[in-house]
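Biologist: I would like to learn how to read the features of a model like this one, beginning with the charged side chains. Could we take them one at a time?

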Amino acid sequence: MSELLEISADLPVEHVPAGSVLIAEGDDTRRMYVLVSGSVSVERDGVAFATIAHAGAVFGEMAVVLDKPATATVRAASDVEVRVIDDPEAFLRDRPGAAYAILRTTATRLDGLTQYLVDVKQQFAGLDGHLGMVGRILDTLV
């Protein structure tokens, strides 16, 4: 993660107070952020599902890569400092290593989610009724 801190060292730093929204779900913002300090909460449909608290973590990348509005809300869980990437495409194109560092972050998140889905599937394997459908539903998601 410190790799992105080094790559983004010359970018402007924004101080964001606790409770403030950096990215709102559904917004068509094209900004990415690199966390310098503090922690943020990631929410979808009003449900918090992740906390990002390690310096060098990136967020906002999914909307940029998928070329669609933000898929989640990112809210400052504490006072935070972030490096602001106003032109993500140029950042990824012009800075060697940036795309790879972000890909590693995304792959790490996907790996964690996959491990969780396997665990859920194992817990509900062999059950009848609605809970028994969990495995089939997870099969379609993956």
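Modeller: A salt bridge is a side-chain nitrogen of Lys or Arg within 4 Å of a carboxyl oxygen of Asp or Glu, and by that rule the structure holds eight salt bridges. Please keep in mind that this is a predicted model, in which local features need pLDDT of at least 70 and side-chain atom pairs count only at pLDDT 80 or more, whereas totals for chains, interfaces and linings use all residues. Residues are numbered from 1 along each chain as its sequence is written, and side-chain values use heavy atoms, with hydrogens and water left out.

Biologist: Which residue meets Arg95 in a salt bridge, and where in the chain do the two partners lie?

Modeller: The partner of Arg95 is Asp10, with 2.7 Å from N to O. Arg95 sits in the loop between helix 3 (88-94) and helix 4 (98-124), while Asp10 sits in the loop between helix 1 and strand 1, 85 residues apart; helices (H or I, at least four residues) and strands (E, at least two) are DSSP runs, numbered from the N terminus.

Biologist: With which residues does Arg30 form salt bridges?

Modeller: Arg30 forms one with Asp28, where the closest N and O atoms are 3.4 Å apart, and one with Asp67, where they are 2.9 Å apart. Because Arg30 lies in the loop between strand 2 and strand 3 and Asp67 in the loop between helix 2 and strand 7, this second pair ties together parts that are 37 residues apart in sequence.

Biologist: Is Asp67 buried or exposed, and how is that decided?

Modeller: Buried means under 20% relative accessible area, exposed over 50%, and partly exposed in between, with a 1.4 Å probe and protein chains only. Asp67 has a relative accessible area of 57%, so it is exposed, whereas Arg30, at 23%, counts as partly exposed.

Biologist: How many residues does the largest nonpolar core have?

Modeller: A nonpolar core is a set of buried Ala, Val, Leu, Ile, Met, Phe, Trp, Tyr and Cys residues joined through side-chain atoms within 4.5 Å. The largest one here has 17 residues, and those with the most contacts inside it are Leu22, Phe59 and Val82. The largest share, three residues, comes from strand 8. A second, separate core of 13 residues includes Val34, Val58, Val64 and Ile102.

Biologist: What does Leu22 touch?

Modeller: Contact means heavy atoms within 4.5 Å. Not counting residues up to four places away in sequence, Leu22 touches Val16, Tyr33, Val40, Phe59, Val74, Arg75, Ala76 and Val82.

Biologist: In what order do the four strands of the open sheet lie?

Modeller: Two strands pair if DSSP finds at least two bridges between them. The order in the open sheet is 1-8-3-6, with antiparallel pairing, and the edge strands, strand 1 (13-16) and strand 6 (58-59), each pair on one side only. Strand 3 and strand 8 are joined by five bridges, and within strand 8 the bridge partner of Val34 is Arg83.

Biologist: What do strand 4 and strand 5 form, and which residue stands opposite Ser41?

Modeller: Strand 4 and strand 5 form a hairpin with two residues between them, and Asp45 in the turn has a positive phi of about 55°. Five bridges join these antiparallel strands, and Ser41 stands opposite Thr51 in strand 5. Ser41 is buried, because its relative accessible area is 14%.
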